[in-house]
Amino acid sequence: MKERRQIEREFGVPIAGEILDPALWTQTALKRLAEGRLSWENLFGQRAPVIVDLGCGNGRFLLGSSVWRPDHDHLGVDILPVVIRYATRRGNQRGLKNLRFAVCGGREFLERHVEPGSVTEIHCYHPQPFYDPAQVHRRLITPEFLALVHRSLVPGGLFFVQTDNPGYWRYMREVVPVFFEFEERSGPWPDGPKGRTRREIIALRRSLPVFRGRGKARVGLGVTEALRLADALPLPVFDADRRLRELDALE
């Protein structure tokens with residue numbers, strides 16, 4: 001009798017990859033990030049294009065990408081240890097060798113641990129808008145952050161960004177094109193018609209608009225010039241839509 005495949009679902013939407021026999025599980029957790037910049041080849045034991053997800057949450061997007069793109073290496077970071085525990089458990093159970101997760105802030109990770117010009121894609125889905133005025137300074141998408149993203153990418157590398165917050169999106173549309181050849185996407189990504197992330201699935205089920213875009217790193221924009229441009233751009237001081245707080249509680 002053929003053994004039934006173990007497929008995990010979240011809100012009825014399958015999470016990529018099959019749960020394997022424990023003998024085939026891997027270890028995807030980076031329990032501690034060493035000081036200094038990472039060597040992708042040493043970390044993964046091979047030379048391959050690298051995909052980074054900043055604020056990866058429970059890892060849904062990276063799990064799918066690492067299953068469907070085994071010729072790419074993937075690393076996700078999130079500031080919340082609890083969601084990284086979910087992500088690493090799922091990565092381990094699927095036996096994924098091209099996937100790692102770590103607890104770290106997105107800006108900190110790019111600044112301290114990523115070698116310039118070494119990443120093929122950087123993804124940032126639903127960064128926290130922070131509703132409390134006293135927390136506005138913690139918003140991730142700033143001109144300085146975008147300069148770090150640009151510095152981290154290979155020439156012509158891709159930056160993906162997504163939010164369900166209209167105020168945040170208006171700000172992104174203003175500043176992202178300074179560093180990237182930016183194009184907005186009108187519908188879901190082809191690999192995630194019901195949502196690439198847990199947050200997106202919830203938003204779509206509630207018929208909320210989700211704003212998506214991707215940009216190719218502008219070639220010829222050096223680090224010094226990128227920082228000069230960043231200094232001249234406004235910070236994300238928009239009025240976040242407080243009606244979306246309910247979704248945050250479900251995350």
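Trainee: Where is the place of S118?

Mentor: S118 lies in the loop between α4 and β6. Element names follow DSSP runs numbered from the N terminus, with helices of type H or I spanning at least four residues and strands of type E at least two. This is a predicted model, in which local features need pLDDT of at least 70 and side-chain atom pairs count only at pLDDT 80 or more, while totals for chains, interfaces and linings use all residues. Residues are numbered from 1 along each chain as its sequence is written, and side-chain values use heavy atoms, with hydrogens and water left out.

Trainee: Does S118 count as buried or exposed?

Mentor: Buried means under 20% relative accessible area, exposed over 50%, and partly exposed in between, with a 1.4 Å probe and protein chains only. S118 has 18% relative accessibility and therefore counts as buried. Leaving aside residues up to four places away in sequence, S118 touches W40, V50, S152, L153 and V154, where contact means heavy atoms within 4.5 Å. P155, found in strand β7, counts as exposed because its relative accessibility is 73%. P155 and V119 are 36 residues apart along the chain, and their C-alpha atoms are separated by 9.4 Å.

Trainee: What is the strand order of the open sheet?

Mentor: Strands of a sheet pair through backbone hydrogen bonds, either parallel or antiparallel. In this account, two strands pair if DSSP finds at least two bridges between them. Here seven strands form an open sheet in the order β5-β4-β3-β6-β7-β9-β8, with mixed pairing. β5 (99–103) and β8 (180–185) stand at the edges with a single partner strand each, so one side of each has no neighbour in the sheet. On average, neighbouring strands are turned by 15 degrees against each other, direction ignored.

Trainee: How many bridges join β7 to β9?

Mentor: Six bridges connect β7 (residues 153–163) with β9 (residues 211–217), and the two strands run antiparallel. Q162 stands opposite R212 in β9.

Trainee: Which strands do α2 and α5 touch?

Mentor: α2 packs on the sheet against β3, β4, β5 and β6, and its direction makes about 175 degrees with that of β4. Helix α5 (residues 143–152) also packs on the sheet, touching β3, β6, β7, β8 and β9, at about 140 degrees to the direction of β7. Axes are lines fitted to C-alpha atoms, for helices over the stretch in contact, and angles between N-to-C directions run from 0 to 180 degrees.

Trainee: How many residues line the largest pocket?

Mentor: Rolling a probe the size of a water molecule over the atoms shows where empty space is left. On a 1 Å grid over the protein atoms alone, a pocket is an open set of points where a 1.4 Å probe fits, with protein on both sides within 12 Å along at least five of seven lines; lining residues have an atom within 4 Å of a point. The largest pocket has 42 lining residues, of which G55, D78, I79, L80 and Q128 lie nearest its centre. Its volume is about 1100 Å³, taken as the space filled by probe spheres set on the points. The largest share of the lining, four residues, comes from α3.

Trainee: What is the volume of the second largest pocket?

Mentor: The second largest pocket holds about 320 Å³. Of its 19 lining residues, G64, W68, D191, G192 and R196 are the closest to its centre. α2 gives the most to this lining, with five residues.
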